[in-house]
Amino acid sequence: MKINNVGMTGINPYNLQANKAGNVKESKVNASDKVEISSAAKEMQQLSPIPAARQAKVDELKIQVENGNYKLNSQATAKSLIDFYRK
């Protein structure tokens, strides 16, 4: 019984698929993301009092830790962690 080659002869379909995958990877390497922040958002960030208040709290906690006066309430910490993950 003789079987004739039907379809693409001499072409390995697996190599074709590998070449297609390689081309996709190369195109993704050349692409880059870009983020632009508006001037209004920059202005709002500068006018926000939150960073100053946060820095004051961090400085206060740092002084307490350095002096050895900082007391950690492990029960409250554990409870807040559990509450956070149950949401």
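Start with the salt bridges, each a side-chain nitrogen of Lys or Arg within 4 Å of a carboxyl oxygen of Asp or Glu; by this rule there are two. The model is a predicted one, in which local features need pLDDT of at least 70 and side-chain atom pairs count only at pLDDT 80 or more, while totals for chains, interfaces and linings use all residues. Residues are numbered from 1 along each chain as its sequence is written, and side-chain values use heavy atoms, with hydrogens and water left out.

Select Lys34 and Glu36. Their closest N and O atoms are 3.6 Å apart. Lys34 is exposed, at a relative accessible area of 68%, and Glu36 is exposed as well, at 65%. Here buried means under 20% relative accessible area, exposed over 50%, and partly exposed in between (1.4 Å probe, protein chains only).

Next, select Lys79 and Asp83, whose side chains form a salt bridge with an N to O distance of 2.9 Å. Both residues lie in helix 4, four residues apart, or about one turn of the helix. Lys79 counts as exposed, at 53% relative accessibility, whereas Asp83 is partly exposed, at 36%.

Now show the whole of helix 4, residues 74-86. Helices (H or I, at least four residues) and strands (E, at least two) are DSSP runs, numbered from the N terminus. The 13 residues of helix 4 reach 18 Å from the first C-alpha to the last, close to the 18 Å expected at 1.5 Å a residue; the expected span is 1.5 Å times one less than the number of residues. At the start of this helix, select Asn73: one of its side-chain oxygens comes to within 3.3 Å of the backbone nitrogen of Gln75.

Step back to Leu72, in the loop between helix 3 (50-67) and helix 4. Leu72 is exposed, with a relative accessible area of 58%. Accessible areas come from the Shrake-Rupley method with a 1.4 Å probe, and for residues only the protein chains shown count as cover.

Just after helix 3, select Gly68, which has a positive phi of about 85°. Helix 3 itself has 18 residues, which should span 26 Å at 1.5 Å a residue, and its end C-alpha atoms are 26 Å apart, in agreement.

The average is 81, and 69% of the residues score at least 70. Confidence is lowest in helix 1 (residues 13-30), at a mean of 63, and highest in helix 4, at 95. The protein has four helices and zero strands. Of its 87 residues, 0% are buried. The protein exposes about 9,000 Å², and carbon and sulfur atoms supply 56% of that area.

Conventions:
A polar contact is a pair of N or O atoms within 3.5 Å; within protein, one must be able to donate a hydrogen and the other to accept it, and residues adjacent in sequence count only if both atoms are side-chain atoms. pLDDT is the predictor's confidence in each residue, from 0 to 100.
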